[in-house]
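Open the structure in your viewer and keep the selection tool ready. Each stop below says what to select and what is there.

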Amino acid sequence: MLKIKNQFTNMLLTSTILVLTLLVVIFFSLIIGVADIPVIIVAKSLMSFFPFIFNDFIISDNWHQIIYEIRFPRIVAAGIVGAGLSCAGLTYQGVFRNHLADPYLLGIASGSALAVTIANYFIPATTLFSFLWVQLFAFFGGLIVICCVYFISFFTLSRNFSTVILAGIALSSLCTALTFFLLMIQSEKSLSILSFLFGSFNTVDWEVVVYASPIILCGIFFLSFYGRTLNILQIGLEESKTLGIDAHKMNVILIFVASIMTCSAVALAGIIGFVGLVIPHLCRLLFGNDYQRLIIFSGFIGAIFLILVDDSVRTVIAPQEIPIGAMTALVGSPLFIYFLVIKKRNYDL
Amino acid sequence: MKQFASVSICNLTLHKSNSIILNNINLDIESGCLTSIIGPTGTGKTSLLRSIMKFEKISSENILIFGETIANLKLSEIARKIAFIHQDSVLPGGLLVKDYVLFGRYPYLGFFENTNVQDYTIVENALNQVNCYKFYNRELITLSGGEQQLVIIARAIAQQTPIIILDEPTANLDFGLSAKLMSILQHLAHDEQKTIIIATHDINNAIKFSDKLVLLKKGKIIAHGNTEHAINNSNIRDLYGSNVKLTTTLNGETVIDSNY
C-alpha cells in the first residue's frame, strides 16, 4: 500500500515541479528578446488576465503586440513542437524497441522537405509563404511517405520491423536525393526554403499554431494512455500477445499517431533534429524506463528544452537568428553528455 | 456437467514451407498435472506449444481450451486462461523485477484502470513462491540467468491462469536450479490444480517430476500417458537412438543413460 502511495506521490511531485518549471520558463521567455520590455510590465500585463488584479493596467500597443503576437505564439509553438517530437520519438523507440529510433526514422522529414521544395518550384514564393501552403505541403509530404512505408511493408507481407525501417530509409534517401536535385536546378529560389530545412519558429503566428497544435496535443493525450502498452511491448511481439495485447495492431496504431504528430511538428516549425532522439534518452536517465511516466515527463522536458533553445536562437546573435536545428544539438549535446556522465548508468542499447 | 480437459488437441496438422511439422496430433491434457513434452531437437515440440497459443497458422478449430475452440477466444481471454513462457524471453533493460512481474496483471486491467494494492500483493506472493522476493526492487537484467528464469515464472504465476505453458524452462540452468524449477512447477500443478505443460530436453528431470509424458518424434506422438507407462526402453530408443537406455539409480529413480 505504502509503496503504491509513494509511487503516486513521486509522480505527482515530479509533475508539479515540471509544470512549475515550464511556467517559469514561459515567463522568462516572454521577457527576453530584442525589444527590451521590463519584467514588471510583462508580469502586470499577464496578471491583468486574472479577475480583480491589475484590471486597469494598460500596456502600450507596441509592447502588447511584441508580447502577445510575436513572442507568445512562438513560445507556445516551441513548447508544443518540443513536447510532440519527444513524445513521438519515445513512441518510435518503444515500438521499434530500438533506442536509436527517432521520429524521422521512417522518412517524414525528407518527405516534408521534398513536398515543400516541389511547392516552392511550382508556386511563386509570394503566394507560397502567405496562408498555410508551406505547412500544408509539409504535413502531407510527411504523411504520404508514411503511407508509402505502410503500403510497402503491407505488400511484402512482412511482419518484421526491419522491413518497415528499411522501406523508410529507402524512401527517405529517395526524397532527399530528389530534394537536392530540385534545389540544384533552381538554386536562386532555394534560399527561401532553407529556413524550413533547418527549422525555425521565425514565421510562426497564432494562425499556424491554432491549426497544427491540436493535432499534436491530441496525439500526446492519446499516447499518454498507452504508456503501459509500450512497457509491455518491450518484452517482444509474441510475448505481448500472451498478455492479451495485439502487438501488431498496437504497433501500427502507435506509429501512425506518432507520425501524424511528427508531420504536424514539421509543418509548424520545419525540420528540427535531435529533440526526438535525445530528450527521451535524457528522460530515461532522469526518471527510469517506465513508459507510463516517460510519455508525460518527456513531453514536459521536450517543451521546456525547445522553448529554452528557441530563446537562445532569438537572442545569441540578435537581431539575426541561428537555425534552431543546429542550436538544439549545440545546446543539447553537452547537456546530454553531462547527464550521461554523472548518472554513470550502464547504458544498454 | 461434463468435465472438459484443460487443453484438447484434435487432428492437428501443421505444415511449414512444404514440410510437415506436426502430423495429426490428438492429445488431451488434464488439469492438476505436470505434462512434459519430450523428443529430439526439431521434432515439433515448440510448434505444438505455439499452436495452442494461436502463434502458428493452423485451423484453430483443432484446439479446445476448457471445451472452447481458441478461434472464438480473444487474445485478452486467452491471456486470462494461459500463461506462456517463451524459450528466449526478452528482458528489457532498466526494468525492476516487481514491474516485470506486474506485467502478469495486465490482462485483468481495464483501459482506464491502473494496478492496485491487490495486484501488488499478487506480485509479492508470486515472487515468494519462486523464492525471489529478495529481488523485488532489483533491476531485472542485473540478475543471473537462473534468477531471471525464476522471475519470468513468477510473472506467469502472477497471471493467475489455470494453464501455464513453458517452452524449455530449464535450458541454460544448472543442475540444482533445474530441479528446483521443476519442483516449483510440480507444486503449482499438484497444490493449485494448474495445468502445467512444458517442452524440455532435460529428460531426467522430466521423468522425475512429470505426471504425464508426451513423446514426440518427427511431428508424431509415439507415446502418451503417465510417466511410468510412457517411458520404456523401446520408446526411449525410438526417440533418441539405440545408444540410450533406462537405468535405475541406487535410490530407485529411473534415469536415462547412454552407451557412448
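Predicted model: local features only at pLDDT ≥ 70, side-chain atom pairs only at ≥ 80, totals over all residues.

**Stop 1: the interface**

Colour the two chains differently and select the residues that touch across them. The contact takes 23 residues from chain A and 35 residues from chain B. About 2,600 Å² is buried between chain B and chain A, and carbon and sulfur atoms give 58% of that area. The size of an interface is often given in this way, as the accessible area lost when the parts come together.

Two salt bridges are found across this interface. Select A:E238 and B:R50 to see a salt bridge whose closest N and O atoms are 2.6 Å apart. The pair runs from helix α12 (residues 237–242) of chain A, where A:E238 sits, to helix α1 (residues 45–52) of chain B, which holds B:R50. Is B:R50 buried or exposed? B:R50 counts as buried because its relative accessibility is 18%, under the 20% cut-off. A:E238 has a relative accessible area of 24% and is therefore partly exposed.

**Stop 2: the core**

Next, select A:Y92, A:F201, A:L268 and A:I272. These are the residues with the most contacts inside the largest nonpolar core, which has 152 residues. Helix α3 (residues 61–96) of chain A gives the largest share of this core, 17 residues. Apart from it lies another core, of 28 residues, which includes B:I29, B:I63, B:I78 and B:I197.

Show the surroundings of A:L268. Leaving out residues up to four places away in sequence, A:L268 touches several residues, among them A:A77, A:V81, A:S200 and A:I216.

Move to A:I255, in helix α13 (residues 247–269) of chain A. A:I255 counts as buried because its relative accessibility is 2%. A:I255 and A:Y92 are 163 residues apart in sequence, yet their C-alpha atoms are 6.5 Å apart in space. Beyond its neighbours within four places in sequence, A:I255 is in contact with A:Y92, A:V95, A:F96, A:L106 and A:Y150.

**Stop 3: salt bridges within a chain**

Over all chains, a search of the whole structure finds 13 salt bridges. Select A:D310 and A:R74, whose side chains meet in a salt bridge at 2.9 Å, N to O. A:D310 is in helix α15 (residues 291–315) of chain A and A:R74 is in helix α3 of chain A, 236 residues apart. Both A:D310 and A:R74 are buried.

In chain B, select B:E68 and B:K81, where the N to O distance in the salt bridge is 3.9 Å. B:E68 is in strand β5 (residues 68–69) and B:K81 is in helix α2, 13 residues apart. B:E68 counts as partly exposed, at 36% relative accessibility, and B:K81 also counts as partly exposed, at 21%.

**Stop 4: a serine in chain B**

Finally, select B:S8, in strand β1 (residues 7–16) of chain B. At 10% relative accessibility, B:S8 counts as buried. Which side chain does B:S8 join in a polar contact of 3.3 Å? The partner is B:D28. Setting aside neighbours within four places in sequence, the residues in contact with B:S8 are B:L27, B:D28, B:N62, B:I63 and B:L64.

Key:
Residues numbered from 1 in each chain as written. Chains lettered and ligands numbered in written order. Heavy atoms only, no water. Core = buried A, V, L, I, M, F, W, Y, C linked by side-chain atoms within 4.5 Å. Buried < 20%, exposed > 50% of the residue type's maximum accessible area, 1.4 Å probe, protein only. Helix = DSSP H or I, 4+ residues; strand = E, 2+ residues; numbered from the N terminus. Contact = heavy atoms within 4.5 Å. Buried area = accessible area lost by both parts, 1.4 Å probe. Salt bridge = Lys/Arg side-chain N within 4 Å of Asp/Glu carboxyl O. Polar contact = N/O pair within 3.5 Å; in protein donor to acceptor, adjacent residues only side chain to side chain.
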